[in-house]
Amino acid sequence: MDSGVEKAEGQKREQMEQVQNSTPISIFVNEDVCRRWWKSNPFKYSCKQVHDDWDYHDTVRNNSTYLAHSMFLNYFVVKCLAFNHGKECIDYRAAAVEAKPEMFGKLGADIVRHYEIFKSKSTHPMDNLYSVKIVSLAHFMYYNQDVPNPDEFDISKEILLRIMNYLNQLLYDNMQTYVRVESGGLIGNVNIMFHDEKDNIRTLYQIKVSRSDDRQRTLLQAQMYAYCYSKERGTMINKIIIYRPLSGEELIMDSNQIDFKKIEEIAYQLN
């Protein structure tokens, strides 16, 4: 077996073992103890309108491909931010397919080909929308879910340009995509981590596409990511931004609004 494949498979096995022994934060925040907590102790945050709101494309409503649409848009936003910061857009799910594409047939080969385009720091997202869409299907393959038909969900270019214009304003000294965090039996992946090196300010940036997400649940999930990141690395998160593309808004929590004491009490309920 090729040593690169062996290494990739070893990393995947290690990650799966960690997942098996840990509770995903996205699942933990739905448990009753968390629901009771955020309903009785709402978090403080500010809301900023960054562009107009918009609705799902007809193809999404007609085919009920809401999750596929969300993943496509999530990948598009991450790709835009990576491109703007001159970074390769590395995705752990596509990388897992790339390690052994023969397991996934023709679609696996297609993802490998389009992933090369997607992760390149020189490829503009608007010029490679089909590659972004195909690579986003790796999410479903990674988690052994039914893979949607890429022709059954779409977003108008006008809306994507509107999103891109907003994202072009987010310029930081450094950024990382899909940062894995793990602490105290909890595990998750942060969409984007920004770092302003001059002032040593770290911003956790999450993308939430669905209109149905409860804001308090979303804020709790982001704070738990920040809590695990800080516990694991000994480095504080100074700001949380949750971008909601359909609503055209940011939910913002500054350092004085992030309640790590409350989050630690909630995390303790896991043990």
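Select D58 and R61, which form a salt bridge whose closest N and O atoms are 2.4 Å apart, the term meaning a side-chain nitrogen of Lys or Arg within 4 Å of a carboxyl oxygen of Asp or Glu. This is a predicted model, in which local features need pLDDT of at least 70 and side-chain atom pairs count only at pLDDT 80 or more, while totals for chains, interfaces and linings use all residues. Residues are numbered from 1 along each chain as its sequence is written, and side-chain values use heavy atoms, with hydrogens and water left out.

Both D58 and R61 lie in helix α4 (residues 58–63), three residues apart, about one turn of the helix; helices (H or I, at least four residues) and strands (E, at least two) are DSSP runs numbered from the N terminus. D58, at 45% relative accessibility, counts as partly exposed, and R61 is partly exposed at 35%, where buried means under 20% relative accessible area, exposed over 50% and partly exposed in between (1.4 Å probe, protein chains only).

Next, select helix α7 (residues 105–119), where R113 and D110, three residues apart, form a salt bridge with closest N and O atoms 3.4 Å apart. D110 is buried, at 16% relative accessibility. In helix α7 there are also E116 and K119, again three residues apart, whose side chains meet in a salt bridge at 3.3 Å, N to O. Of these two, E116 is partly exposed at 41%, whereas K119 is buried at 15%.

Now colour the chain by domain, with domain 1 as 23–48 + 171–269 and domain 2 as 57–155, bounds that come from an automatic or database domain assignment. Their centres, taken over C-alpha atoms, are separated by 24 Å. Across the boundary, 18 residues of domain 1 are in contact with 17 residues of domain 2, contact meaning heavy atoms within 4.5 Å.

About 1,400 Å² is buried between the two domains, with carbon and sulfur atoms giving 69%; this is the accessible area (1.4 Å probe) that two parts lose on being put together, summed over both. Select M175, Y178 and V209 in domain 1, which lose the most area to domain 2, together 41% of what that side buries. Finally, a search for salt bridges between domain 1 and domain 2 gives a count of zero.
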